[in-house]
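Please keep the structure open as you go through them.

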Amino acid sequence: MFGLEFISKTASQLVNRFETNVRQGQQQLEKWLGDTGLIDDTKISTLSEISDAYRAMAEDLFLHPLRFVSAELDLTRKHLGLARYTFIRLSGKPTDPIAVPDPDDRRFLAEDWHKHLSFDVLQQAYLINSRAFLNWVEGMEGLPGPGRDQLLFYARQLTSALSPSNYPLTNPEVLRITWERKGMNLVDGARNLAEDVRQNPNLFNVGMTDRSAFEVGVNLATTPGQVVYQNELMQLIQYNPTTDTVARRPVLIVPPWINKFYILDLTERNSFIRWLVDQGQTVFVVSWRNPGPAQRDKGWDDYMMLGPLAAADAVTEATGEQQMNAIGYCIGGTLLGTTMAWLEKRKRQPFTSTTYLTTLLDFSDPGGIGVFINDHSIRGIERTMARKGYLDGRAMAFTFNLLRENDLFWSYWTNNYLKGLKPKAFDLLYWNTDGTNLPARMHSYYLREMYLHNRLVEPDALTIAGESINLSQITVPSFFLSARQDHIAKWKTTYKGASVYGGDVRFVLSGSGHIAGVINPPYKEKYGYWTNDQPANEPDAWFDQAEHHPGSWWPHWRRWLATHEGEQVKPRIPGDHNLEVIEEAPGSYVKIKAAEAGRC
């Protein structure tokens, strides 16, 4: 017993000494790389975190050898089973595989993987090894939840990168295509790679869709309207009416500025904006600017003052109406919630109702992006933004893609560069790759005060434009829409945020995820939604008593909005009141690419 304690204590001391030396060396290396400019600080921070993750795995192996031995014995048993499987297949008899891909794993769907025994054994061996590694990492002791999630994330990136499906000599489908096309698939793949590098100067992102198939204002964002107001951060679009009468109170939409507004106006049949106009609403939408170095000092306060507050004043100028209904989507909803609390302190109520679409107000569980939310990562991002003045939207898109790396990176890698195929034309993926930059001051504030410290839900913990804000003091009726499979704004966390919000709160849960759960037009009759007008302290309790409804949540929300929209009036034509038309929708701000904005 004494011997085991002595060994354990000695091992811990050696590990602590080793960790101290490694950290000192790592800090010196980070400083040198940062000073030389060979790698930007965001990449340095990521490499440092990867190093920390793999070092923690090595330390756990050193400190808990018995757990490793147990895992190795289990792994050996599975490989022996794979050997038996191989012998049975060689004898010509049918048998069940030892390891099968998960139902949503599409890497090994091609018949080539199962028809040829060598590749069948290869992919099963990969699945056995990768699962054993991930299970071992997940079982590491003494790690807090965020640390465990980060280790699992980087362990998953390693195992995904090592998949035999990603390399031409170990992917039987690629080998077959190469034989059939006499290698031209690899030539075409090289062309595709060169084009993706050209499309993303200084920051590589794999191509996810045929970019030549779409143009904003031509076959995306085509709902007729006019830009009637603009300032340094946004343009305001007023859409042309399509009905004989409209509701008295206009609707103002505040979309996220992490992406562009036309997710709400992709194509005519899937457009939430067009549907809303056809429902007899006077619709305005904020189209955020794609910022560059000149906007580096724009903060959260500026986004509020020049965003929803300036837009509300402009809507009043355009229509003569003092009150309106507001919709906030994602971070646009977070800004709208901030604005509502600020307006309460100022005793102003231009908004009769507010609707929040997949919006985080409580950031206690930030979803998959939480693996990047720590002081070290944020410091790396801040150092990069301090030099450039902004965070490149393409870098953030790449980060989000890594949350589902096999679907959103490696599958396109194999398709585009190994098979030599062009990605299909898909409007949603075009929008997803059309990223926006984020000003340094605003993004640093957002990451630290909300994601890292979760201060938005604390009463009077944040001061915005001279006022301390308290979400619980808001009295305006609100409608919260969340999505059950959302991995960005997890529905149970959005429920917590809605519970903090004051006033009459309606919470509705849609099926699907962050995008499809929101952009779900009635004609599709997909996903369904859950309602429960009786609030509960915990989201699970709310869900247990909720009623499921088929189809889209849009008509249900429309009935709720009808109680806040006022009587019917004559349609408003853009430019027919106190604001002149500047240009046709979708405007010029939305057409500026992230790389172009970074050069301004």
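This is a predicted model: local features need pLDDT of at least 70, side-chain atom pairs count only at pLDDT 80 or more; totals for chains, interfaces and linings use all residues.

1. Across the whole structure, 40 aromatic pairs are found. In one of them the rings of Phe153 and Phe372 have centres 5.2 Å apart and planes at 75°, so this pair is edge-to-face. Phe153 belongs to helix α6, whereas Phe372 lies in the loop between β7 and α12, and the two are 219 residues apart. Phe153 is buried at 4% relative accessibility, and Phe372 is buried too, at 15%.

2. Which strands stand at the edges of the open sheet? The sheet has eleven strands with mixed pairing, and its edges are β15 and β17, each of which has a single partner strand, so one side of each is left without a neighbour in the sheet. Within the sheet, β1 and β2 run antiparallel and are joined by five bridges, with Tyr229 having Leu236 in β2 as its bridge partner.

3. Helix α11 packs on the sheet, where it touches β4, β5, β6 and β7, while helix α17 lies across β12 and β13, running at about 175° to β13.

4. In helix α19, the buried residues are Trp554, Trp557, Arg558, Trp560 and Leu561. Viewed down the axis of α19, they fall within an arc of 160°, so they line one face of the helix. Their cover includes β4, α9 and β6.

How values were computed. Residues are numbered from 1 along each chain as its sequence is written. Side-chain values use heavy atoms; hydrogens and water are left out. Buried means under 20% relative accessible area, exposed over 50%, partly exposed in between (1.4 Å probe, protein chains only). Helices (H or I, at least four residues) and strands (E, at least two) are DSSP runs, numbered from the N terminus. The arc is that of the directions from the helix axis to the C-beta atoms. Contact means heavy atoms within 4.5 Å. Two strands pair if DSSP finds at least two bridges between them. Axes are lines fitted to C-alpha atoms, for helices over the stretch in contact, and angles run from 0 to 180 degrees between N-to-C directions. Rings of Phe, Tyr and Trp (its six-membered ring) pair if their centres lie within 6.5 Å; planes under 30 degrees apart count as stacked, over 60 as edge-to-face and the rest as tilted.
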